[in-house]
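Here are some notes for a first look at this model. Please read them with the structure open.

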Amino acid sequence: MSERVAVYPGSFDPATVGHEDMIRRAAAMFDRLIVAVLHNPSKRGFFPVEARVRMLEKITADLPNVTVDRWDGLLVDYVKKEGACAVVRGLRQVSDFETEMTMAQVNSRLLPGLETVFLMTKPEQCCVSSSVVRELAAFGGDVREFVPACIAEDVRGGV
């Protein structure tokens, strides 16, 4: 039997408790999970990509089947390069589904056989987003409830 590899892509700017939950749940479903920080050159991130990778490495340090990487191109090209069979995406609200479904359908046309696995967030995390965390951090708010404890200082300090 071949190794089941999945990619969990995102900007993770910064990673939240919702992202951490998705990572842990997906890691339990696949032999290997790659958390891929996708860089969009048309967007200027709050945190540099390297800082996001470092924070995700802290979050996943206890998960031996999880690696963190970065990618600057099309997701399907990265999936192909890594030999992954699936992409993992989180859904917080019903409105996320339409966008995510469209991306999943395009990706499966670009790479036939690629599956997208949708995981629903836990109810207590449905309002947690990177943009909320960025705004809280920018105004000196307490982000501890919204980010993994191991990166709270990084987020508060702006890395």
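1. Two strands pair if DSSP finds at least two bridges between them. Strands (E, at least two residues) and helices (H or I, at least four) are DSSP runs, numbered from the N terminus.

2. The model is predicted: local features need pLDDT of at least 70, side-chain atom pairs count only at pLDDT 80 or more, and totals for chains, interfaces and linings use all residues. Residues are numbered from 1 along each chain as its sequence is written, and side-chain values use heavy atoms, with hydrogens and water left out.

3. Val5, Val7 and Pro9 point one way. Ala6, Tyr8 and Gly10 point the other way.

4. S1 has parallel partners. With S2 (residues 32-38) there are 6 bridges; Gly10 has Val37 as its bridge partner there. With S4 (residues 86-91) there are 2 bridges. Val87 in S4 is the bridge partner of Val7.

5. The open sheet has 5 strands, pairing in parallel in the order S3-S2-S1-S4-S5. S3 (66-71) and S5 (115-120) are the edge strands, and each pairs on one side only. Helix H3 (residues 75-82) packs on this sheet and touches S1, S2, S3 and S4 (contact: heavy atoms within 4.5 Å).

Methods:
Buried means under 20% relative accessible area, exposed over 50%, partly exposed in between (1.4 Å probe, protein chains only). Axes are lines fitted to C-alpha atoms, for helices over the stretch in contact, and angles run from 0 to 180 degrees between N-to-C directions.
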